[in-house]
Every structure is written in C-alpha cells, then in structure tokens.
Amino acid sequence: LTKLACGIETTLPFLNFEKTYFRVGINPSFYNEDWNFDSSSFRIPSRYYLIYRKDEKWTFVGGVAVYPDFQRKVFPIAGFIYKPNDKLCFNITPERPNINYLINDKTSLFAEGGVFIKEFEVTRDNQENVVLRYAGFSLGSGVSYKLNKFAQTFFTVGGIFNRSLRYRDSVGKVSFKNNLYSEFRLEIKL
C-alpha cells in the first residue's frame, strides 16, 4: 500500500475573539496499492478547528476532520496542550498526541501514540478501484533534533497494535500480529 501526501496548514485570528484562532489544514493525497497514482485514488483530507489559548500553560482545541470518499467522512477533533514548564509539554491533540521533554535548545525526548485509519484503492481479482481499509494503533518513543528554525528531524521506535485490513464491500477482515516499527521523519515548516 502506498500513500503520497503533502500537508498545508495555516492559522488565523478568529473574528474578534481574544486568544482564539481558526486553523485549516489540507492534505492532498494519493492512496493506492502501487506507485501508479490514478486520479480515482486522489483525496483531499482536511481539518478545521478552533484553538483557544487560555494562558502560557493551557491551550484547547476543537473541530472536525473531513475525509472525502472514505467510509466515515467526518471525525471530531478535541484535545489540549499543557506546558507546566519550559521543558515539558503534553500535546494531547489529534494526528500525533505526544509528551515532549526538552533536553536543550535543539534536542528533545518524546513519547507518542496514535490511531490510524486509511483507505486505499486496490485491484482485487479483476476488479479495479476496490477500497481496502487499513487500521491500527501505534505507541512509540524517540528523539528529535531541531536543525534550524524551519526543519526538525525525528527518530522513533515503538509498537503497532490491533492492525487489520478489510475490504469496504466485505464482512471479513484480516488481523496482523502486533509488531515493532521504526521511523525517521523530517519536518519542514515555513
């Protein structure tokens, strides 16, 4: 299964409400079984949510994520960010909930978890564009290093649990054994 995506997000002040912001994010993506990206496997998942920054320690988030052409098209977004001091941060928000501990200005240790649900277009027998749902949970920890004010690297190791594959038009599903994973990620923010 192959996913190719690019994410774009922006945050704007929300009307005239003090300490309140509106964030919109879009992720144009291809969900396919190989590197031939057909137009039918193209989706534009998006997120819309309000952010309320109560003070330096507390930030609250609420909104929706929209997944066009997925079986479940709308998911709620709710969470918070709590920073009890300059070194420790609890970022319990969707996409990658994590706990981060800042060792110095460039290096952090973190633990993260998540739920993933992706739907890919595949060929089954001679039938094209059949939707295959891949779902599961992850839990890992790692280290991040800030290269500069725009780029940061992450190295994570952890476990993947309760993974399954299921065709949208079928009642059965295939479950996988729990397993380990490792990830190297480069994030660039402009």
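Leaving aside its neighbours within four places in sequence, Thr93 is in contact with Val61, Gly79, Phe80 and Ile81, where contact means heavy atoms within 4.5 Å. This is a predicted model, in which local features need pLDDT of at least 70, side-chain atom pairs count only at pLDDT 80 or more, and totals for chains, interfaces and linings use all residues. Residues are numbered from 1 along each chain as its sequence is written, and side-chain values use heavy atoms, with hydrogens and water left out.

Thr93 sits in the loop between β9 (88–92) and β10 (98–102). Strands here are DSSP runs of E with at least two residues, and helices are runs of H or I with at least four, both numbered from the N terminus. Thr93 counts as buried because its relative accessibility is 14%; buried means under 20% relative accessible area, exposed over 50% and partly exposed in between, with a 1.4 Å probe and protein chains only. Its side chain makes a polar contact with the side chain of Asn91 at 2.6 Å. Such a contact is a pair of N or O atoms within 3.5 Å; within protein, one must be able to donate a hydrogen and the other to accept it, and residues adjacent in sequence count only if both atoms are side-chain atoms.

The chain as a whole has 0 helices and 15 strands. Of its 190 residues, 31% count as buried.

The largest nonpolar core has 17 residues, and Val61 and Ile77 are among those with the most contacts inside it. A core of this kind is a set of buried Ala, Val, Leu, Ile, Met, Phe, Trp, Tyr and Cys residues joined through side-chain atoms within 4.5 Å. At least two of its residues come from each of β6 (46–53), β7 (58–66), β8 (74–82), β11 (107–124) and β12 (127–146). Beyond its neighbours within four places in sequence, Ile77 is in contact with residues including Tyr49, Val61, Ala65 and Pro94.

Aromatic pairs number 14. Rings of Phe, Tyr and Trp (its six-membered ring) pair if their centres lie within 6.5 Å; planes under 30 degrees apart count as stacked, over 60 as edge-to-face and the rest as tilted. Tyr31 and Phe70 form an edge-to-face pair, 5.5 Å centre to centre with 80° between the planes. This pair links distant parts of the chain, with Tyr31 in strand β4 (residues 29–32) and Phe70 in the loop between β7 and β8, 39 residues apart. Tyr31 is buried, with a relative accessible area of 2%. Ring pairs also link Tyr31, Tyr67, Phe70, Phe75 and Phe120 into a cluster.
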